[in-house]
Amino acid sequence: MSDDESATSSGKDQPASKQPNSTTQSFNAPRSGLPPFLPFDPITDSATVSQRWKKWIRRFENLLISLREFDSTIRRGLLLTYVGEATNDIFDILPDTGTTYESAVDSLTQYFIPRGNKDVAIFEFRELTQETNETLTAYYRRLKTKATDCEFANEDEEIKIQIIHKTRDSRLRKKALRESMDLKALLAHGTSLEITDQQAQRLENANTDLNALERNRQPPASQPRGAFNRRRKPPPDGKKTCRNCGGAFPHKDGMQNCPARGKSCHNCGKLGHFAKLCKSSSKSVKHITPLKTPDDRYLQDSDDDNCFTLKSTPNKSPETQIKIGHTPVKVLIDSGASVNIIHTEIFERIKSENNHIKLAKTNAKIRAYGTDSPIDLSGEFHTTIKSTHGQSIDATFYVTTAKSQCILGCESSTALGLITLNINNIAQHEDPVIAKLLKQHEKPFKGTGNLKGVEVKLEIDKSIPPVAQSSRRIPHNMRKKVNAKLREMRDDGIIEKVEGATPWLSPLIAIPKKTGDVRLVLDMRVPNTALIRRRVQIPTVDEILRQMEGAKVFTEVDLSQGYLQLTLAEESRYITAFTTPDEGPHRFKRLIMVASPSGEYFHEIIHELIKGIPRCANISDNIWLWSDDRQSHYKQLEQLLTKLESRGLTLKLPKCSFSVPEINVFGHIVSGNGIQPDKAKIEAVNNAPPPKSASEVRSFLGLTNYCSRYIQNYSSITYPLRQLTKADAKFRWSDEHEKAFITLKQALTSAPVLAHYSLEAKTRVVVDRKPYP
């Protein structure tokens, strides 16, 4: 008899007065054996161990209910019996496992589900997108699982918002934005749409099969003129001709010297033969044109790679020939594509002539313009490509099964010097004086800089003992990309290997991106407890806005990876050490944002750097210039660019605005006329659904409070809504609250432009107070 059976039998034989629970006495029945139940496997697939443990313990508790076991000691014994040998080995080394079933479950749960970073969990939740061929119910289950780690105040509302933003079905999204729906109604409507689509597809397939059958029954017609009638007649002299170029065969020096080698057919667009010998039916040369589809901003996914779709047209397209490895390939230059694409047939030819090129699996998702379904990919490969004028670069190509022209994306085309984009080109500014200034100071717009003459020394509390944390598990399929990213950062001088022992070690978290790349995040929560923060006075947005009073010309520049441009002192680097999967311990040589005092150090250093420039201010890595006229603005801008260039700092050109009449300062549009709210802020308020709880009311008021300066009688309008947020108030949405909600939206939509405050103007004080008791 097993220990658990002995415990059950002895508990059954006790008198009723000695039973720990009367329920156990009435429901426990003697049994000769235990039902089979699969043990938990903590070793296989460690990346999903937390989810599998949650699922296993839920099913085990269902087993306990079916066995009618309610005694904590017996439940503990059954847990350790069923959980398996591997988990028992882990349980034996855990501290403070207690004596009850609940304490045993808590100990194992804390081991298998360590408390993660809430911010990282929320980030990963926001990144979840409905996959191709994934049902709405399956997508909801994934969101529900991830939401448990995010600790949302209203989990259902967050899941509903995520489905609206990331669903593949635009019909469902538009329905949800048009009408007020809760999560249950949203799922029901989405499921009904999927069922309807499946039924319609089944009917269409049946009709297609019927039409095909009818066509097969028709009598054969005379063979049309085309590819199959185009037969080559044998030459009268009996000599053989090349099937690709039509010349004498064999060629003098082999197929390498065939005139058609690497040439594109003007009939079908394929490489390797002339149009006069083409076996395909007549086609026009293809090039890339955008699909005409209704505008839908939700279909724009910035994290996915994009390409355009193919359409036959007789117009000439921007084509060129490049060498992929050693193989000449004709490609279409596409400034709107973010990736390079070739089809399978071309790849097979490239691979046969370049033994070092191998096809690797890819997680990338590439979408054509106007569609939300990814293109079918066979994989990706990396190699060197060379243009006709000798420029070489390393590039990544994605291989698709669809037969189409090979596409050379914007980045590769620009790097090869095949195209030059005028967008954000420093020499193409509409103001010739600004264009000249930017041309003279090109250095601050290249790469990631490094501030000269300054090192950041972090203040570390020596009384706090160092902690060397264990590394986080990184999935095997991501290790190669993580190691490549680490080598790139090491080559750029951002990190360095740790020589010898290090007292501090923090875990590295690898987050996969939709493009197939990885984002590396350092968990600095434990080391941050030993870092002493500086008390630096950072100006508020209101202070910046007051300084801009009366200005008519503005410039905003943004530092490129600002924190990483500051060198970390040698004696401070040891606290940033982190573990890697295969490369050994590393540490940062530059300042990192996740260190708690970094913001204060960074702002103070940049503030001291620009202090001598008139009418110039910064908040973190955002730097603003403002002037009353353009002539003085040119001098200020030249001072700023000269200062940045001399100190080795660089800027992110796409985020810079030079000599403009208005500028966006953290959601406030500042111009010579005054200040007005950003349209994006107004749109966010207008699109907000009516609140369904007190926490949603607080969120809505937090959103509108940012724009409260533009709304007259803001306090009076929001008074009914603020009453719902009180601790003792019962949430009840009435007509009064609905009226205040709508009035607030309308007031913000018609918000006036606020004039700049003037000390010379007459001032009138108005107290905004609702005359409620």
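This is a predicted model, so keep that in mind as you go.

**Exercise 1. A serine and its contacts**

Task: Which residues does Ser387 touch, leaving aside its neighbours within four places in sequence?

Solution. Start with the contacts: Ser387 meets Ile322, Leu416 and Leu418 once the neighbours within four places in sequence are left aside. Next, find its place: Ser387 sits in the loop between S8 and strand S9 (392-400). Finally, check the accessibility: with a relative accessible area of 6%, Ser387 falls under the 20% cut-off, so it is buried.

**Exercise 2. Two glutamines in one loop**

Task: Find Gln561 and Gln565 in the loop between S15 and S16, then work out for each whether it is buried, partly exposed or exposed.

Solution. Step one is the loop itself, which runs between strand S15 (553-558) and strand S16 (567-568) and holds Gln561. Gln565 lies in the loop between S15 and S16 too.

Step two is accessibility. Buried means under 20% and exposed means over 50%, with partly exposed in between. Gln561 has 42% relative accessibility, so it counts as partly exposed. Gln565 has 0%, so it counts as buried.

Step three is to see what surrounds Gln565. Leaving aside neighbours within four places in sequence, its contacts include Thr448, Gly449, Asn450 and Leu451, as well as Arg590 and Gly648. Leu559 and Ser560 are also among them.

**Exercise 3. Positive phi without glycine**

Task: What is the phi of Gln561, and what is the phi of Arg615?

Solution. Take Gln561 first: its phi is positive, at about 45 degrees, although Gln561 is not a glycine. Now go to Arg615, where phi is near 50 degrees, again a positive value in a residue other than glycine. Then look at where Arg615 is: the loop between helix H18 (598-609) and strand S18 (616-619). Its relative accessible area is 30%, so Arg615 is partly exposed.

**Exercise 4. Pairs of rings**

Task: How many aromatic pairs does the structure hold, and how are the rings of Phe347 and Phe381 set against each other?

Solution. The structure holds 22 aromatic pairs. In one of them, the ring centres of Phe347 and Phe381 are 5.1 Å apart and the planes make 40 degrees, so this pair is tilted. Now place the partners: Phe347 is in helix H12 (residues 344-353) and Phe381 in strand S8 (residues 377-386), so the pair ties together parts that are 34 residues apart in sequence. Both Phe347 and Phe381 are buried.

Phe578 lies in the loop between S16 and strand S17 (586-588), while Phe588 is in strand S17, so the parts tied together are 10 residues apart in sequence. Phe578 is buried, with a relative accessible area of 1%, and Phe588 is buried at 9%.

**Exercise 5. A charge over a ring**

Task: Which ring does the charged end of Arg75 sit over?

Solution. Follow the side chain of Arg75 to its charged end, and you'll find the ring of Tyr101, with its centre 4.8 Å away. Then look around that ring: Tyr101 belongs to an aromatic cluster whose members include Phe37, Trp53, Trp56 and Phe112.

**Exercise 6. Two crossing helices**

Task: At what angle do the axes of helix H9 and helix H10 cross, and is the crossing left-handed or right-handed?

Solution. The axes of H9 (residues 155-166) and H10 (residues 170-178) cross at roughly 130 degrees and come within 8 Å. That angle makes H9 oblique to H10. The crossing is left-handed. To see the meeting point, pick out Ile163, Ile164, His165 and Lys166 in H9, which meet Leu172, Arg173, Ala176 and Leu177 in H10.

**Exercise 7. An enclosed helix**

Task: How many of the 10 residues of helix H22 are buried?

Solution. In H22 (residues 714-723), 7 of the 10 residues are buried, so the helix is largely enclosed by the rest of the structure. Among the buried ones are Tyr714, Ile717, Tyr719 and Leu721. The buried residues of H22 pack against helix H21 (694-705) and helix H23 (735-749).

Now step back to the loop between H21 and H22, where you'll find Gln712. Gln712 has a relative accessible area of 66%, so it is exposed. Gln712 and Ala747 are 35 residues apart in sequence, and their C-alpha atoms are 7.9 Å apart in space.

Note on methods. Residues numbered from 1 in each chain as written. Predicted model: local features only at pLDDT ≥ 70, side-chain atom pairs only at ≥ 80, totals over all residues. Heavy atoms only, no water. Helix = DSSP H or I, 4+ residues; strand = E, 2+ residues; numbered from the N terminus. Buried < 20%, exposed > 50% of the residue type's maximum accessible area, 1.4 Å probe, protein only. Phe/Tyr/Trp six-rings, centres within 6.5 Å; stacked < 30°, edge-to-face > 60°. Lys NZ or Arg CZ within 6 Å of the ring centre and 35° of its normal. Axes fitted to C-alpha atoms, helices over the stretch in contact; angles between N-to-C directions. Parallel < 35°, antiparallel > 145°, perpendicular 65-115°, else oblique. Left-handed = near helix turned anticlockwise from the far one by under 90°. Contact = heavy atoms within 4.5 Å.
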